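Subject: Structure handover and findings

Hello,

Here is the structure I promised to pass on. My notes follow below it.

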Amino acid sequence: ILYFRLDIKNRSNVGFDTDLLSFYMRDRKKGKRAAAQELELRPLYIYGDTTAIHGRSTNTIVVAFSKFTLPDRKYLALQLAEKSGGRHMHLKVPARAVLGAQLIQ
């Protein structure tokens with residue numbers, strides 16, 4: 001099992017109510033005539049509060065996935081979107097970061 005710890009910080013005074021938290025395996029680059037390949041990854045378990053991030057605070061969540069590897073030309077994408085708002089977060093995790101994971105004993 002792969003565990004990802006995410007520290008999500010809200011630096012504004014306005015709270016962030018989460019609408020969508022999703023994970024995708026995406027192509028790094030696509031050609032002009034090539035279709036973009038995208039595979040949604042479903043977490044096994046999510047620990048922590050993912051419903052809201054209060055103003056001027058930090059939430060730590062842990063997401064567990066079944067073991068996977070990313071090909072060289074792909075990356076792991078995390079999307080976090082706000083309910084009825086315009087703030088959306090997009091994080092790209094390169095394949096070498098997943099391959100360099102630390103062992104928990």
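First, a term: a residue is buried under 20% relative accessible area, exposed over 50%, and partly exposed in between (1.4 Å probe, protein chains only). By that cut-off, 31% of the 105 residues of the protein count as buried.

Now the ground rules. This is a predicted model, in which local features need pLDDT of at least 70 and side-chain atom pairs count only at pLDDT 80 or more, while totals for chains, interfaces and linings use all residues. Residues are numbered from 1 along each chain as its sequence is written, and side-chain values use heavy atoms, with hydrogens and water left out.

Overall layout

The protein has one helix and eight strands. Helices (H or I, at least four residues) and strands (E, at least two) are DSSP runs, numbered from the N terminus. Their order from that end is β-β-β-β-β-β-β-β-α. Along the principal axes, the C-alpha atoms fill a box of roughly 45 × 40 × 20 Å.

Strand pairing

Two strands pair if DSSP finds at least two bridges between them. Strand 2 (residues 16–27) has several partners to look at:
- Strand 7 runs antiparallel to strand 2, joined by nine bridges. S22 has Q79 of strand 7 as its bridge partner.
- Strand 3 pairs with strand 2 in the antiparallel sense over four bridges. There, M25 stands opposite L39.
- Strand 5 (residues 52–53) pairs with strand 2 over two bridges, also antiparallel.

L80 stands opposite M89 in strand 8. Five residues lie between the strands of this hairpin, and S84 takes a positive phi near 40°.

Aromatic rings

Rings of Phe, Tyr and Trp (its six-membered ring) pair if their centres lie within 6.5 Å; planes under 30 degrees apart are stacked, over 60 edge-to-face, and the rest tilted. The structure holds four aromatic pairs. F4 and F68 are stacked, at 6.4 Å centre to centre with 20° between the planes. F4 lies in strand 1 and F68 in the loop between strand 6 (57–65) and strand 7, so the pair ties together parts 64 residues apart in sequence. F4 and F68 are both buried. F68 also pairs with F65, edge-to-face, at 5.9 Å centre to centre and 85° between the planes. F65 is buried too. Ring pairs link F4, F23, F65 and F68 into a cluster.

One charge contact as well: the charged end of K92 sits over the ring of Y75, 5.3 Å from its centre. The test is NZ of Lys or CZ of Arg within 6 Å of the ring centre and within 35 degrees of the ring normal.

An arginine in a loop

R42 is found in the loop between strand 3 (38–41) and strand 4 (45–47). R42 is exposed, with a relative accessible area of 64%. R42 and A64 are 22 residues apart in sequence and 9.2 Å apart in space, C-alpha to C-alpha.

Pocket

On a 1 Å grid over the protein atoms alone, a pocket is an open set of points where a 1.4 Å probe fits, with protein on both sides within 12 Å along at least five of seven lines; lining residues have an atom within 4 Å of a point. The largest pocket has a volume of about 270 Å³, the volume being the space filled by probe spheres set on the points, which are joined across faces, edges and corners. Its lining includes F4, V98 and Q102. Strand 1 (2–10) and helix 1 (95–99) each give two or more residues to that lining. The largest share, three residues, comes from strand 1.

Best wishes
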